[in-house]
Amino acid sequence: MPYINVSTSAKVNDKGKLLEEISILISSLTKKSRSFVMAKIDDNCHMYFDDVTPSCFLEIKSIGSLNPSEMAKPISDFVYEKMGIPIDRIYISFEDVPASLWAWNGRTFG
């Protein structure tokens, strides 16, 4: 049930590989099965963050298992390593979603 949405002004050449790799990272950080991680990427977006230098915004949602203070650095490092975006050009939003507000397979988790 973890979900990561990556929006970036950078162009990503191999989106499939990036999505697979970030899914593995989020699975590891949340200790949730990779088969439940959903990832989305919107690259080459028009974004402005003080200027038009490449930047990235990540939204991470999950039912529990989020520890933003421990997750922010490895996620930022991943984005820098894979996309070349400096960590001071990255925002990350974490959202812990109640199980009663998250559904899969026709029913909520709680």
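Me: Which glutamate does the side chain of lysine 82 meet in a salt bridge at 3.3 Å, N to O?
Reply: A salt bridge here is a side-chain nitrogen of Lys or Arg within 4 Å of a carboxyl oxygen of Asp or Glu. The model is predicted, so local features need pLDDT of at least 70 and side-chain atom pairs count only at pLDDT 80 or more, while totals for chains, interfaces and linings use all residues. Residues are numbered from 1 along each chain as its sequence is written, and side-chain values use heavy atoms, leaving out hydrogens and water. At 3.3 Å, N to O, the partner of lysine 82 is glutamate 21.

Me: How many residues apart in sequence are the parts that lysine 82 and glutamate 21 tie together?
Reply: Helices are DSSP runs (H or I, at least four residues), numbered from the N terminus. Lysine 82 lies in helix 2 (residues 68-83) and glutamate 21 in helix 1, so the pair ties together parts whose separation in sequence is 61 residues.

Me: Is glutamate 81, another salt-bridge partner of lysine 82, buried or exposed?
Reply: Buried means under 20% relative accessible area, exposed over 50%, and partly exposed in between (1.4 Å probe, protein chains only). Lysine 82, at 36%, is partly exposed. Glutamate 81 has a relative accessible area of 60% and is therefore exposed.

Me: Which residues do salt bridges that share partners join into one network?
Reply: Lysine 82 also bridges glutamate 81, with the closest N and O atoms 3.5 Å apart. Salt bridges that share partners give one network of Lys17, Glu21, Glu81 and Lys82.

Methods. Helix = DSSP H or I, 4+ residues; strand = E, 2+ residues; numbered from the N terminus.
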